[in-house]
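Take a walk through this model, from the overall fold to a metal site and then to one strand.

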Amino acid sequence: MSWFKRSNDGLLTKERRDFPKGLWVKCEGCGGILYIKELKRNFNVCIKCNYHLKMGCDDYVNMLVDDGSFIQTDANMRSIDFLNFKGKEKYSEKLVNTIKKVNLNEAIKTGIGLISGYKVVIGVMDFSFIGGSMGSVVGEKVKRSIERAMSEHIPLIIVSASGGARMMEGLASLMQMAKTSIKLAEFSRDGGLYISILTNPTTAGVMASYAMLGDIIIAEPEALIGFAGPRVIKQTIGEKLPEGFQSSEFVLEHGFVDMIVNRKEMKEKLTEILDFFIGGHNRVKR
Ligand SMILES: [Zn+2]
């Protein structure tokens, strides 16, 4: 097939060629076409413009924890369709299909691991599982992670990526906001250290609960961080929103997060924070 095609106005135009699937991806930041293998080596950060593309929970865990130190907890916990929710697709079927498609049981992976020798409880959300939505299982896994960190007196780190509460679980998903927040308050009273990392996007019910309750809140660059989305706010208040509204940079300027850290420097920054708060003597020698 010819790569060039004669258009209606008689000029020769170049037809868009489809890239082989699974090899290339388009950067949401600069529109550049990126080679997936190279992108993965760069922790899903665009080589051309530093845009932080979404990263799966397994890759994020591997990036942060010391090799071979991660032990997953509550790995087999799965959601059920207790409301018999019928949307475009039945929730029960959506769960089965998503588990098969993304090879995860839920939108968060939790466990215990070492970060530069420091033992921590870590939870990483995955946007590919129903938009990283928080249902009763996500809430329960977060709650158990907090309890684990509390009983072992070790820091808790949660990496969020979420569109909010899972509507297919109705009020039970909204209840997770209160449940996780109460547990974090207990953890805080107990003197626990909680570091929250916000990635693109961290919104709605997750943003309005555990994601914003960190002792230290770190955001990745250019992440969308907010409760309702900018379109909804614009429609509601009928006003033009400021430049960069709800971006990491905007919320940093307005005091919602403590710092913005490039993904490639995340482990180094966490180590610095753990050095400061926990102290080198608690480090596990490996
Ligand atoms: Zn780019």
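Predicted model: local features only at pLDDT ≥ 70, side-chain atom pairs only at ≥ 80, totals over all residues.

Residues are numbered from 1 along each chain as its sequence is written, and side-chain values use heavy atoms, with hydrogens and water left out.

The C-alpha trace spans about 75 × 45 × 40 Å along its principal axes. Nine helices and twelve strands make up the secondary structure. These are DSSP runs numbered from the N terminus (helices: H or I, at least four residues; strands: E, at least two). Of the 286 residues, 47% are buried. Buried means under 20% relative accessible area, exposed over 50%, and partly exposed in between (1.4 Å probe, protein chains only). Of the contacts with a separation of 6 or more, 65% come from residues 24 or more positions apart; contact means heavy atoms within 4.5 Å.

Now the metal. Cys-27, Cys-30, Cys-46 and Cys-49 coordinate the zinc ion through their SG atoms at 2.3 Å. Donors are N, O and S atoms within 2.8 Å of the metal (3.2 Å for Na, K and Ca); water is not among the atoms, so sites may look incomplete. The donors are spaced C-x2-C-x15-C-x2-C along the chain. Cys-27 sits in the loop between strand S3 (24-26) and strand S4 (33-35), and Cys-49 in the loop between helix H1 (36-41) and helix H2 (57-64), so the pair ties together parts 22 residues apart in sequence. Cys-27 is buried at 3% relative accessible area, whereas Cys-49 is partly exposed at 30%.

Turn to strand S9 (residues 194-203). Is it enclosed or open? Ten of its ten residues are buried, so S9 is largely enclosed by the rest of the structure. Strands pair if DSSP finds at least two bridges between them. S9 runs parallel to strand S8 (residues 156-162) over six bridges. Four bridges join S9 to strand S10 (residues 216-219), also in parallel. Leu-198 in S9 stands opposite Ser-160, and opposite Ala-219 in S10. Two bridges link S9 in parallel to strand S11 (residues 225-226), where Gly-226 is the bridge partner of Thr-203.
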